[in-house]
Amino acid sequence: MDYTGLYAKKYRVNRKLTEEERSNQLHQKAALNVTPLYNLSVIKINSTYLESVDRWFLYRGTMTVICLLGIALPFVIFFIPLLVMPSIDWMAIFTLVPISAPLWVLATWGLLKESFRRTHFPIRFNYRNRMVYVFKTNGTVFQAKWDDIFFTLGRCERMVGIQNWDIRGHVLDKDRETILETFALPGDDTNIDQLKQAWEFFRRHMEDGPATIYRDVYWCHDIAERREKFKAGLTTMLFSFNGHPIAQILSYPFFFFEALGRWFAMRTSKIPAWPAEVEAQCKVDPFDPNLRDASHNPDKIPMEPIKNE
């Protein structure tokens, strides 16, 4: 679970590219000798565009559960017992309120990062006009030319002593050094090779066309026009242990509890809607041979092991 860019370690803008970012650059025209991996990130794909989920979608709901517990615990432990006593101890209540207030403020701040926002923050890669549209966490949308974006591996939080990474797209100023906007592709990993497989999936879509990768997409998230169902959310969270059935079984109670928070976050959030001008640039032929969305999904999400090349 890595919330880089949303909670801690925000993506810094209005700064110069670092030497590490330059050395880790991923070039749009340079094909990698790896198998493309869509990594359960697609909402829909067609001959015009590919739409993906955001970097934090897999974890959605985890912080919501923690924050809801942080809000509820003082009531359960202190206030409810005091209020049901034969004689209410108002002095104790007034003493506990300022003690509990910092926890409530922190938990509410964390809760509002996942809940009461958007159900997801989609990214749309338009193959025809070579544009990328990004739904930001503040509800606004920005766009940039695919060829002008500086993609690189980004250093995230350390996971149990191991460095975690993600793939970032920097929109640069005219000097090609100053970062104006930053977004991240779906997913993060301690395994850079697997991240490169995910990069190659998006790169081939934009460089070689949707026909080269759409058959690799065997599951699309049914969230474009509706909120995610509880069961789908639980299965998506279990995907983090894809290929490890024993780990999935052992962690099921934990993920079930997290999925309740995910359900709360989804139910309290709005479904994102692209601006009319973006939709106008992303028209799709209803008989598109490369069309794939949730209506083409199998009965359940395939959970076979992921193999790195």
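Me: In which helix is F75 found?
Reply: Helices (H or I, at least four residues) and strands (E, at least two) are DSSP runs that are numbered from the N terminus, and F75 is found in helix α2. The model is a predicted one, in which local features need pLDDT of at least 70 and side-chain atom pairs count only at pLDDT 80 or more, while totals for chains, interfaces and linings use all residues. Residues are numbered from 1 along each chain as its sequence is written, and side-chain values use heavy atoms, with hydrogens and water left out.

Me: How should I read the accessibility of F75, and is F75 buried or partly exposed?
Reply: A residue is buried under 20% relative accessible area, exposed over 50%, and partly exposed in between, with a 1.4 Å probe and protein chains only. F75 has a relative accessible area of 39%, and therefore counts as partly exposed. P74 has its place in helix α2 as well, yet P74 is buried, because its relative accessibility is 4%. The C-alpha atoms of P74 and V97 lie 9.0 Å apart, although 23 residues separate the two in sequence.

Me: Which residues make the nonpolar surface patch?
Reply: Patches are made of residues with over 30% relative accessible area and no salt bridge, where like charges are joined within 9 Å and nonpolar side chains (Val, Leu, Ile, Met, Phe, Trp, Tyr) within 5 Å. The areas come from the Shrake-Rupley method with a 1.4 Å probe, and for residues only the protein chains shown count as cover. Here L69, L73, F75, V76, I77, Y252, F256, F257 and L260 form a nonpolar patch of about 820 Å². Two or more of these residues come from each of α2 (62–83) and α6 (245–267), and α2 gives the most, with 5 residues.

Me: What is a salt bridge, and how many does a search of the whole structure find?
Reply: The term stands for a side-chain nitrogen of Lys or Arg within 4 Å of a carboxyl oxygen of Asp or Glu, and the search finds 20 such bridges. One of them joins the side chains of E177 and K16, at 3.9 Å from N to O. This pair links distant parts of the chain, since E177 sits in the loop between β9 (162–172) and β10 (178–184), whereas K16 belongs to strand β1 (residues 15–16), 161 residues away. E177 is partly exposed at 36% relative accessibility, and K16 is partly exposed at 46%.

Me: Which salt bridges have buried partners?
Reply: Among them is the bridge between the side chains of E51 and R124, at 2.5 Å from N to O. It links strand β4 (residues 49–52), which holds E51, with strand β5, which holds R124, across 73 residues of the chain, and both E51 and R124 are buried. A further case is D166 with R55, whose closest N and O atoms are 2.9 Å apart. D166 lies in strand β9 and R55 in the loop between β4 and α2, 111 residues apart. D166 is buried at 0% relative accessible area, and R55 is buried at 3%. These two also take part in a network of salt bridges that links D2, R55, D166, R168 and D188.

Me: How is a pair of aromatic rings described?
Reply: Such a pair is described by the distance of the centres and the angle of the planes. Rings of Phe, Tyr and Trp (its six-membered ring) pair if their centres lie within 6.5 Å, and planes under 30 degrees apart count as stacked, over 60 as edge-to-face and the rest as tilted. By this rule there are 17 aromatic pairs. The rings of Y3 and Y7 have centres 4.9 Å apart and planes at 85 degrees, so they are edge-to-face, and both residues are buried. F125 and W146 have ring centres 6.4 Å apart and planes at 80 degrees, so this pair is edge-to-face too. It links distant parts of the chain, with F125 in strand β5 (residues 123–126) and W146 in the loop between β7 (141–145) and β8 (150–159), 21 residues apart. F125 and W146 are both buried. Ring pairs also link Y38, F125, F142, W146, F151, F183, W199, F201, F202 and Y218 into a cluster.

Me: Which residues does E207 touch?
Reply: Contact means heavy atoms within 4.5 Å, and, leaving out residues up to four places away in sequence, E207 touches Q28, K29, R130, W146 and D147. E207 is found in helix α4 (residues 192–208) and is buried, with a relative accessible area of 19%.
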